[in-house]
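Subject: Structure handover

Hello,

Here is the structure I promised to pass on. Please open it alongside this note, which goes through what was found.

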Amino acid sequence: MTSKHLRIGSIAPDFEADTTEGPIKFHEWAGDSWVMFFSHPGDFTPVCTTEVADISHRAPDFKARNVKVIGISVDVLSDHYEWIGDIIDFGNLVRPTYVDFPIIADPKREIAKLYDMIDDDPAALACEDREQYTLRTVFILDPKHVIRATLLYPASVGRDFGEIIRLVDSLQTTDKYKVDTPAGWKKGDDVVIPHSLSDEEARKRFPNYKAHNPYLRTTPLTERVASETSKEDATCSGNGYAASN
Ligand code: BEZ
C-alpha cells in the first residue's frame, strides 16, 4: 500500500536537493508546471541508460504539455555527469541527444525514502553489492504539486515513456473537459462521459454523445463542447480537480 502522503490527491512532499543543474527547492523549481519525477536504479546500468536516452528524445513532447522532467538516483553528482556522457553517446545513435533536465544526486537516500522509491526487488539487489536501490518509480504532479498518478516498475523492466505522455494527455483532458478517457485512449479519440452526469446534463453538454448501454456513454470532443464546459465549470463536478493546465 502506498504511504498516505504519496497517494493520488496528496501534495507531493517538498525537499531540497543537489542536481546536475544545481541545487533546487522542489516546489519552487516545479513552479506552475506539470512534473514527471522519475527514479532509476543506478548510473552506468544498461536499462537506465536506454530510459534516460528515450526521455531525452521526448523532450519536445514533454515541453509541449508544460511538463518539467526531473530524475533521481542514489548516485553522486560526479557519477551523474560522467554517465550523462554515455547517455548522449547512446542516444546519438538514433538522433542528436541532450539531457536537458536535472538529475538529483541522493546518496544519503533521504529523498528516495521520503518518496518510498526503495524496495527489495531481487533483480536490483542481485545486481551489485549496493544495499539499497531506488526502483523505477514515476510521480506525475499537476501545477499545484498534487500527485495525480504514480507508477512502480521493477529494475528489470524499462518503462514506456510514450505511455507516460498518454497519461499526461488524459489527465490534462479530463481536467479541462471534465470527462473520463477509455482504455487505450489517445488525443483526438472519443471520451467517456462521467457516470455522475445525468442523461439530461450529458445531452446539454455533449449533444452528439452515444449511449452504448445505460451507464457507458461516449462523445467526441468538439470546440463547442470546450466552450460550454468552461462556462459550466461552476456546476460540473468533473473529476474533482480544478482545471489546472
Ligand atoms: C539496469 O538499468 O539495467 C538495471 C539496474 C539495476 C538492476 C537491474 C538492471
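First, a term for what follows: a residue is called buried under 20% relative accessible area, exposed over 50%, and partly exposed in between (1.4 Å probe, protein chains only). The model is predicted, so local features need pLDDT of at least 70 and side-chain atom pairs count only at pLDDT 80 or more, while totals for chains, interfaces and linings use all residues. Residues are numbered from 1 along each chain as its sequence is written, and side-chain values use heavy atoms, with hydrogens and water left out.

**The chain as a whole**

The chain has 245 residues, and 47% of them are buried. Its secondary structure comes to nine helices and ten strands. These are DSSP runs, numbered from the N terminus: helices are H or I with at least four residues, strands are E with at least two. Accessible areas come from the Shrake-Rupley method with a 1.4 Å probe, and for residues only the protein chains shown count as cover.

Contact means heavy atoms within 4.5 Å. Take the contacts between residues at least 6 apart in sequence: 67% of them join residues at least 24 apart.

**Cys 48**

Start with the annotated position. The UniProt record, an unreviewed entry, gives Cys 48 the annotation "active site". UniProt positions are given in the numbering used here, feature names are shortened, and annotations may be inferred rather than shown by experiment. Cys 48 sits in helix α2. Why does Cys 48 count as buried? Because its relative accessibility is 1%, and the cut-off for buried is under 20%. Beyond its neighbours within four places in sequence, Cys 48 contacts His 40, Pro 41, Gly 42, Trp 83 and Arg 136.

**Thr 134**

His 40 turns up again here. Thr 134 lies in the loop between α6 (122–127) and β6 (136–141). Thr 134 is buried, because its relative accessibility is 0%. A polar atom of its side chain is 2.6 Å from the backbone oxygen of His 40. Residues up to four places away in sequence aside, Thr 134 touches several others, including Ser 39, His 40, Pro 41, Ile 72 and Met 117.

**Salt bridges**

A salt bridge is a side-chain nitrogen of Lys or Arg within 4 Å of a carboxyl oxygen of Asp or Glu. By this rule the count is nine. Three of them follow.

- Arg 159 and Glu 51 pair at 2.8 Å, N to O. They link distant parts of the chain, 108 residues apart: Arg 159 is in the loop between β7 (147–153) and α7 (161–177), Glu 51 in helix α2 (residues 46–57). Both are buried.
- Asp 169 and Arg 65 pair at 2.6 Å, N to O. This pair also links distant parts, 104 residues apart: Asp 169 is in helix α7, Arg 65 in the loop between α3 (59–64) and β4 (67–73). Asp 169 and Arg 65 are both buried.
- Arg 166 and Glu 163 pair with their closest N and O atoms 2.7 Å apart. Both lie in helix α7, three residues apart, about one turn of the helix. Arg 166 is partly exposed, at 23% relative accessible area. Glu 163 is partly exposed too, at 35%.

There is also a network: salt bridges that share partners join Glu 51, Arg 136 and Arg 159.

**Asp 116**

Asp 116 is in the loop between α5 (110–114) and α6. Its relative accessible area is 40%, so Asp 116 is partly exposed. Which residues does Asp 116 contact, leaving aside its neighbours within four places in sequence? They are Ser 3 and Leu 6. With Ser 3 there is a side-chain to side-chain polar contact at 3.1 Å. A polar contact is a pair of N or O atoms within 3.5 Å; within protein, one must be able to donate a hydrogen and the other to accept it, and residues adjacent in sequence count only if both atoms are side-chain atoms. The C-alpha atoms of Asp 116 and Leu 135 are separated by 9.4 Å, the two residues being 19 apart along the chain.

**A surface patch**

Phe 90, Leu 93 and Val 94 make a nonpolar surface patch of about 340 Å². Patches are made of residues with over 30% relative accessible area and no salt bridge: like charges are joined within 9 Å, nonpolar side chains (Val, Leu, Ile, Met, Phe, Trp, Tyr) within 5 Å. Leu 93 is in the loop between α4 (77–91) and β5 (103–105). Leu 93 is exposed, because its relative accessible area is 70%.

Best wishes
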